[in-house]
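Here's a quick tour of some helices, a surface patch and a few charged side chains. Have the viewer open as you read.

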Amino acid sequence: MIQPMMDSWFLSRTSEEAAAGVGALMPVLAALFTAINAFSQAGASIASQFMGAEQNSHARSTKTMVLCGSLMVGLLMTLAIIPLSGRIPVWMGLQGGPVVYAQQFMSVVAFGFAFRALQSSLTAFVATHGLTVWNLIGNIITIVSNAAMNYVFLEGLFGLPKMGARGVGLATALSWLISSAILWCVLRYKIQHKTHRRDLKRSKVILPDWVRIGLPAAAEPISFQLFNVFITAMVAHLGTLAMTARVFAGNFAALSVILGIGLGNGNQILVAHLVGAKEYKTADQRVHQTILISCISGLILSVIMALCGTHLIGVFTDNPDVIALGQMCLWCDVAVQPFKAVNFVLTTSMRASGDSKFPAFVGCGMMWTLGVGTALFLAFVLDLGLPGLWLGMAADEFYRSIANYYRWRSGKWQSKAVV
């Protein structure tokens, strides 16, 4: 989450239009990466279930299959996005300078999608073995290298030309390569993962379950990111001021959910192990504990971000209108975070147990009816503008959290396990 924020900061040193244009692409990139992450997490959940059931050979085969599949998905995404890199910003409603910067960034960063896909799967499998400290180390190295390359490419050091938004895209793609290389070494030499010929034969048996869990698991978060793309298009309709404020405020709003996402990912691994061992009562207790802690942490962090909003957004710009509007959005985000935490914990827990269809179908349906309807009503009927769209996102999280909680309480997830 720090990486796009850092890119926005470097671009804002060039111009606010550059930061706004590239920042507007984040929901599109997030939709692509969410699909990759969903399949990676589905594969990690299957591997965790096998590990919980002490079927280590099946767990190894799952890892091999998912790594190969993720690499192929990343390559296919590159081939699909590059021809559309000039059109996507226009389809999103961007105009003028932001369009040019967004097109330049997308045309370069797309070449790194395969590394991003591999990084996602490697991160999931390293975490599955409880070695999350290595993910932290890999990410720190990635962020530092990305910052260094941003500076080099934007300033034109060492005889290089000043690359602008293209340089930021190149730095991002190369940082994904560095991260995936580090995590591959951890998986190969620390975890001692080796590929055997029989893994390819066994993967034919595991593949249907990966697709059964992975496709619905990808549908809900992809729909959510497309919902964000829709909201971004509505923000673009409100003008450059609203777009700039949303990008800068959104960077800090993302920080509010960091602890909840970390706890949710850890909870997902534990639930998958417990489901594999058929310890359903313990899994249910773990989920409720994680929900409570995640909600409290999201609420506290979002309030801190809102209280410090003027100073935080002032890091990116000295425009008083942008700062005032951005801070107002951060206060609206306080209503979003508790329900966002509930949804993340519950959807990842259901995915870990193999029950990924419910949040996909019900979540998507509620998002594009109740969620969209509420956002448009608040923003354009009540004329609340950008804060109205933000409160509409809060309402969407609230609707889906209620539905997901009732599904988890029903206990139907206990019959969806792979093992």
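## Ground rules

Helices here are DSSP runs of H or I with at least four residues, strands are runs of E with at least two, and both are numbered from the N terminus. Isoleucine 141, for instance, is found in helix α8.

This is a predicted model, so local features need pLDDT of at least 70, side-chain atom pairs count only at pLDDT 80 or more, and totals for chains, interfaces and linings use all residues. Residues are numbered from 1 along each chain as its sequence is written, and side-chain values use heavy atoms, with hydrogens and water left out.

Helix α8 covers residues 132-155 and includes threonine 142. Is threonine 142 buried or exposed? Threonine 142 counts as buried because its relative accessibility is 3% (buried means under 20% relative accessible area, exposed over 50%, partly exposed in between, with a 1.4 Å probe and protein chains only). Neighbours within four places aside, threonine 142 is in contact (heavy atoms within 4.5 Å) with Gln3, Ser175 and Ser179.

Isoleucine 141, at 38%, counts as partly exposed. Isoleucine 141 belongs to a nonpolar surface patch with Val133, Trp134, Leu136, Ile137, Ile140 and Val144, together showing about 600 Å² of accessible area. Patches take residues with over 30% relative accessible area and no salt bridge, joining like charges within 9 Å and nonpolar side chains (Val, Leu, Ile, Met, Phe, Trp, Tyr) within 5 Å; the areas are Shrake-Rupley values with a 1.4 Å probe, and for residues only the protein chains shown count as cover.

A salt bridge puts a side-chain nitrogen of Lys or Arg within 4 Å of a carboxyl oxygen of Asp or Glu. That rule gives 3 salt bridges. In one of them, lysine 340 pairs with glutamate 397 at 3.3 Å between the closest N and O atoms. This pair ties helix α16 (lysine 340) to helix α18 (glutamate 397), distant parts of the chain 57 residues apart.

Arginine 400 meets aspartate 396 at 3.0 Å, N to O, and also glutamate 397 at 3.3 Å. Aspartate 396 is buried at 0% relative accessible area, arginine 400 at 2% and glutamate 397 at 4%.

## Further along α18

Arginine 407 also sits in α18, which covers residues 386-410. Its relative accessibility is 16%, so arginine 407 counts as buried. Beyond four places in sequence, arginine 407 touches Met350, Asp355, Phe358, Lys412, Trp413 and Lys416.
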